[in-house]
Amino acid sequence: MESSECNLGNLETLSDDAIVEITESYGGFFTSVESLIAGDSSVEQELVSHVSTLCKYDGLASLVRDHFLTSLQQAFDKRGASTFWLHFDDFRDKKHTDYGEEIHQALCRALEEISIEKQYHEKCLSILVHALEESHNSDAERVQLFSRFRSMLSSTLMTSLPHHFPEILHWYFKEKLEELSAIMNEEEEEEEQLESDDGMDLDDKKLRSKIGDMDVDQGFSRHDELVKSIGKVVRDLRSIGFTSMAENAYASAIFLLLKAKVHDLAGDDYRTSVLGSIKEWIQTVPLQFLNALLSYLGDSVSSGTTSSGLTSPLACCLSPTFSKVVTPSEGIVRWKLRLEYFAYETLQDLRIAKLFEIIVDYPESSPAIEDLKQCLEYTGQHSKLVESFISSLKYRLLTAGASTNDILHQYVSTIKALRAIDPAGVFLEAVGEPIKDYLRGRKDTIKCIVTMLTDGSGGNANGSGNPGDSLLEELMRDEESQENVGFDDDFHSDDKQAWINASRWEPDPVEADPLKGSLSQRKVDILGMLVDIIGSKEQLVNEYRVMLAEKLLNKIDYDIDTEIRTVELLKIHFGEASMQRCEIMLNDLIDSKRVNTNIKKASQTGTELGESELSVDILTSTILSTNFWPPIQDEPLVLPGPIDKLLSDYSNRYHEIKTPRKLLWKKNLGTVKLELQFEDRAMQFTVSPTHAAIIMQFQEKKSWNSIDLAAATGIPIDVLNRRVNLWISKGVLRETRGRGESNGNVYTLVESMTDSGKNESEELLGGDEESERSIASVEDQLRKEMTIYEKFIMGMLTNFGSMALERIHNTLKMFCVADPSYDKSLQQLQSFLSGLVSEEKLEFRDGMYLLKK
């Protein structure tokens, strides 16, 4: 301001002649500026003369510069900017899918016209600069003048920018990059084709090599031509001040193309890794495009200075050590990191969205899990995985329509898969909690867990494990492998290794439970997580004992190698004391085999058999230590005379060998192999003793009514009616209505297939119905044990009206301390109370138990 006031003060001291000269020169300057900008180059000398005259006086040079720039802006606004935007009016209402090649032509034509207009205005400005330089203006003022001109040019265009122009640029670059990617794919396929022609004749190879070279040259020519075309557009956009807009446009196009490539490579194939292919494609297409583009623009040679004086953030720079070696600029390195991060994040989101299917397909889908692990290590977005997967579980797995077995297999697969991503199990805890809570509410969870641990399918729903492997054996192998690759104990490592381990230490994620120790000292225990669903290892062991007893009682031989191996594995996890009863049960079968062999050897030297007597050789017994077995279901049964005599002879011989021990037969248990001879066929069956006793009664009589048959076999009539259905379904017996209500149904032996209509091809019966279990289930045992507490519970509810589950549990623990003391878990109590509710002795309302009224 002081300079301006001084200059104005100088004007007051001018003479009249000077004022007249200034007035005339200023008028001539106005006229010559308008003419020059309008295209009349003949006024150049006149303009220079007027500028020289005006610049002799202090304070007028700034007026000259301001007026000239204002005139340029008005002319550019009228002819340059309005004409430039007019080229894109036709695309205002078009969808981007309809742009096509027209957008390329319109953009190139518009940029070419405005570049010509800009160049002419720069030429006019150069004339002014030349005239000002004669008045001793500095270079700094010259640079400032051109900078003001470029800012004016850019602001003029920006003030009238159509809203659809950035979208036009985006789709222009997108189409060009897709075209460039297609060209590069063709080049890659041609190279692979040339490499695959090694087996051709020499002459053919030479000819093919020439053709291949020609194709490659044409490919590179197409590649260079396309990059030059894109580069020219970018350069023209940068020249009019649209540097950021241009880079944003082709950046968004690159990211869109990269996203499409990731989706194309990833797809629904989870059995191959795609991360390496994605990173290779990033290096081949986007980064190669950026390097070629910057090389065309001259950025890689000019150390980041563009032709318009602007510095590109993507420029390359020369290596200070080797002047001829061009190193990637910091911007290119940042681009590489940005593209890789975007690729990691995109692939991660794809894999997280399909994580449920990936885990269903595990371990075949291990490559997809490994890709996801690398993505999460790069992005750190583990919480996104937890939230998304929990939502998928609740919607697709934790529903009434899914079987408990399927849920458990998916849970185990989830543990295995997420263990690969997160070995410490920090995020697995969050994912597994909803599954565990849901499974605790299902009655058959314990049974399914025990079956899955010991059934020999490897813990896979599709049975894809090694043949004969149980999940327990698989878990043992996994545990050993985890220990082999685990961290070395500091006490067993040297100082160097301890230092390496210390340098690798990282803090636990914020989601980690501090009560479970550091993640470096923690490992995922699948069996422990399954036991945690049940609540205690005692419940799991009890359920397994019942299942083992059922298996052993149904065996027709003494092959128990699998059961022995399973018990030994369980002893490792649960201790020998917990599995002691199971060991005794197995020893019973081993002893039974030895005793059975001795008895049969002794029978070979005995007396000859009578006509209706049976040989001891056909009998195989299982001798049980009853006190160590679960409660055994006992049903009344009268066996046919020859069978009863056989059991009596066997008992006597056992008593001779094992004096003073005696056998007490459980006649309803075991299996019987039968061959039934008919008039026109023979049929073989393996059935329970009860079924055998029923059908053997038909040797004496061909027809029985249900009352007489029940009396002859000693079976209650309701049980008889259920058991006899087996023989009716096999076409051995036929059922008819009795004449009187007191006679019941009549069962008649079917001697000929013409009387039956049943298919005789099914000759083997594989076991009893579910209601014919030999061993009382854990639920039945629990109900029997809890019966003694029923009166206490009824009394409490009578006194207090209603009580919550936890309060009933705590009250029983407090007052039931005498023998037998109350030692049940909360889940066992809940199961018993649910049974009382189903028997309509109690009501359950709003979380409270009360007496049924």
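**View 1. Asp846 is exposed in this predicted model, with a relative accessible area of 74%.** Here exposed means over 50% relative accessible area, buried means under 20%, and partly exposed lies in between (1.4 Å probe, protein chains only). Asp846 sits in the loop between strand 9 and strand 10 (848-851). Helices (H or I, at least four residues) and strands (E, at least two) are DSSP runs, numbered from the N terminus. The phi of Asp846 is near 55 degrees, a positive value in a residue other than glycine.

A word before the next views: this is a predicted model, where local features need pLDDT of at least 70 and side-chain atom pairs count only at pLDDT 80 or more, while totals for chains, interfaces and linings use all residues. Residues are numbered from 1 along each chain as its sequence is written, and side-chain values use heavy atoms, with hydrogens and water left out.

**View 2. Glu840 has a positive phi, near 60 degrees, in a residue other than glycine.** Look for Glu840 in the loop between helix 33 (826-838) and strand 9 (842-845). Is Glu840 buried or exposed? With a relative accessible area of 56%, Glu840 is exposed.

**View 3. Helix 16 (residues 404-421) packs with helix 17 (residues 426-440).** Two packed helices are described by the angle between their axes and the distance between the axes. For helix 16 and helix 17, the angle is about 170 degrees and the axes are 11 Å apart. Axes are lines fitted to C-alpha atoms, for helices over the stretch in contact, and angles run from 0 to 180 degrees between N-to-C directions. Contact means heavy atoms within 4.5 Å. The residues of this contact divide into 10 nonpolar, 3 polar and 1 charged. Ala, Val, Leu, Ile, Met, Phe, Trp, Tyr, Cys and Pro count as nonpolar, Asp, Glu, Lys and Arg as charged, and the others, Gly among them, as polar.

**View 4. Ser621 is buried, at 3% relative accessibility.** You can find Ser621 in the loop between helix 24 (580-603) and helix 25 (641-657). Which residues does Ser621 touch, not counting residues up to four places away in sequence? They are Tyr558, Ser592, Asn596, Tyr650 and Trp665. The side chain of Ser621 also makes a polar contact with the side chain of Tyr650, at 2.6 Å. A polar contact is a pair of N or O atoms within 3.5 Å; within protein, one must be able to donate a hydrogen and the other to accept it, and residues adjacent in sequence count only if both atoms are side-chain atoms.

**View 5. Leu297, in helix 11 (residues 286-297), is buried, with a relative accessible area of 15%.** Leu297 and Arg235 are 62 residues apart in sequence, and their C-alpha atoms are 6.7 Å apart in space. Leaving out residues up to four places away in sequence, Leu297 touches Gly231, Val234, Arg235 and Arg238.

**View 6. The peptide bond from Tyr362 to Pro363 is cis, with omega near 10 degrees.** Pro363 belongs to the loop between helix 13 (355-360) and helix 14 (366-379).
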